[in-house]
Amino acid sequence: MKRAEITVFLSMALILIVSFILGIMEITVIHISKNMNRLETDRAVFSLFGEYQKDLLEDYHVFSIDGTYETGDYSEDRLTGRLHYYGSANTDHEITGIQFLTDNHGQAFCEQVLAYMEECYGIGLIREFAGSTEEWEEQCIEGENMQAEGEKMTGQYEELKKAAEEVSSELPADETADPEDGQTGNPFQCLEEIEKSGILSVVMPQDMALSGKEIRLEDQVSVREINTGYGSFPARTGTEGIAERLLFNEYILQNFRNASENRGSDKEQESADINAEDAAGDQPRSLEYEAEYIISGKSSDKQNLESVLTKIFLMRLALNYVYLIGDTGKQAEAEMFAGVIALLLLMPEGTELVKQLILFAWAAGESAVDIRTMLSGKKTALIKSEENWQVSLPELLTLGGSSGKSAGEDVQGGVSYEDYLRIFLFMEDQDHTAMRALDRIEENLADVHGMDYFRADYCVTKLKLKNTGVIFGDLTYTYPAYFGYE
């Protein structure tokens, strides 16, 4: 007999080696199947996000998938159906997180706008404004204080008129004199017209027609109940920093219309070739004063413009009144004129009060001309001097009438209407400005491109998926996937 130890050993070794090789091959096949399944999903997800809304991108530089696919009816099944269409039919996709353009007060919208502005312009675009924000806040506070001062002055003016009427009623007719009979004129005509007919009746240039367009606020994305996403996503920090807010506001001024006739500032000319408004600037829109709407959020062009111009008027009034208080020559003019009015009212003891009222009315008249100048596309001096003061005391007497509608001269290095829009945009809550900007985008796409189905709260910007695929016969493989416009 021959012993077979070597044969048994070699047979067992061969079996082990073959089993090991087959096991390695099976593991390799499983991993390859996993990778192929992942690649199919990645390809499908990339293809899905390649279906971004092109008009939204071309006009407003924002990437997003229209979740309704031009039907106006949003469904997650449409998204998963498109994933299967792009080659992942053997994989089950469950959406575990989704972000829309309007989530968190337009967070995704703001992030994309900032990325676009930084890529195209950089921080240099807003460098000249970055150091002015504290001054802007002070001017707004002074404007608010001037509103209270204006109410006080108006009350004093009404009391003065009432007292004058009482004195006049007690005297014979031939002994009374009316300061508004043409001998002295009425220096308060501008204020009276504002109180009677509103700020627009005084500050609008003669050749500027007031838009009568209106919208339904309840239809706007910033007001109506909107679709919201779910899940957690990476978010950019510091979107409410000073530089970021200024950049976002420049985006608004570049892409949305305003009431100023000057549409060709230096910065706008630099970006004319890529400015979306240049491509669709002549198209009809539901509102003409869009930047004013983003600031004020009212339903009509008239209301939005009136709100913004009232703020500008109060800020200009504060600056102009401070100048008059320090100008001895104009103080003397006002005092002389006040003495005449007090004498005609038979109230010489009221000369000082009348003088202060005239100074206030004079500052208001200068402010009205300042606004008229800016609405005409010109610049006005921020701080007044004897050289650039525009309204004389005799001119004040007719400023509120039809004969006093001319604009002032253009001041090199002064402030423009857009400069004040920058101030108000900066002072407004960015959550409000972002959502109102989306209001305008939504309606403009409908008006300009006929996209009545478009809804900003159905626009998908980020997506998280739980994917389950069948591999190697009957094995299931579950893995996550994420993609977003960032």
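This note walks through a predicted model, point by point.

1. **Ground rules.** Residues are numbered from 1 along each chain as its sequence is written, and side-chain values use heavy atoms, with hydrogens and water left out. Because the model is predicted, local features need pLDDT of at least 70 and side-chain atom pairs count only at pLDDT 80 or more, while totals for chains, interfaces and linings use all residues.

2. Helices (H or I, at least four residues) and strands (E, at least two) are DSSP runs, numbered from the N terminus. Take strand β2, residues 91-100. Seven of its 10 residues are buried, so the rest of the structure largely encloses β2. Buried means under 20% relative accessible area, exposed means over 50%, and partly exposed lies in between (1.4 Å probe, protein chains only). β2 pairs with strand β3 (residues 459-471) in the antiparallel sense, over nine bridges. Two strands pair if DSSP finds at least two bridges between them. His93 stands opposite Asn467 in β3. Gln99 has Lys462 in β3 as its bridge partner.

3. Lys466 stands opposite Pro480 in β4. The hairpin of β3 and β4 has three residues between the strands. Phe472, in this hairpin, takes a positive phi near 50°.

4. Most residues other than glycine have a negative phi. His61 is not a glycine, yet its phi is positive, about 60°. His61 sits in the loop between α2 and β1 (65-66). His61 is buried, with a relative accessible area of 14%. Tyr69 also has a positive phi, near 50°. Tyr69 lies in the loop between β1 and α3. At 24% relative accessibility, Tyr69 counts as partly exposed.

5. Side chains of opposite charge can pair when their charged atoms come close. A salt bridge is a side-chain nitrogen of Lys or Arg within 4 Å of a carboxyl oxygen of Asp or Glu. The whole structure holds 23 salt bridges. One of them joins the side chains of Arg82 and Glu51 (2.5 Å, N to O). This pair links distant parts of the chain, 31 residues apart. Arg82 is in helix α3 (residues 76-85), and Glu51 is in the loop between α1 (5-49) and α2 (54-60). Arg82 is partly exposed, with a relative accessible area of 25%.

6. **A longer link.** The side chains of Arg224 and Asp457 meet in a salt bridge (2.9 Å, N to O). Arg224 lies in the loop between α8 (200-203) and α9 (242-255), and Asp457 in the loop between α18 (430-449) and β3, so the pair ties together parts that are 233 residues apart in sequence. Arg224 is buried, at 18% relative accessible area. Asp457 is buried too, at 4%.

7. **A buried pair and a network.** Glu428 and Arg436 form a salt bridge through their side chains (3.5 Å, N to O). Both residues are buried. Elsewhere, salt bridges that share partners join Arg285, Glu290, Arg440 and Glu443 into one network.

8. **Two surface patches.** Patches are made of residues with over 30% relative accessible area and no salt bridge; like charges are joined within 9 Å, nonpolar side chains (Val, Leu, Ile, Met, Phe, Trp, Tyr) within 5 Å. Glu134, Glu135, Glu137, Glu138 and Glu142 gather in a patch of negative charge. Lys and Arg count as positive and Asp and Glu as negative; His and the chain ends are not counted. A charge is placed at NZ of Lys, CZ of Arg, CG of Asp or CD of Glu. Glu135 lies in helix α6 (residues 133-169). Glu135 is partly exposed, at 38% relative accessibility. The nonpolar patch has about 870 Å² of accessible area and includes Leu14, Phe20 and Ile27. Accessible areas come from the Shrake-Rupley method with a 1.4 Å probe; for residues, only the protein chains shown count as cover. Phe20 is in helix α1. Phe20 counts as exposed, at 58% relative accessibility.
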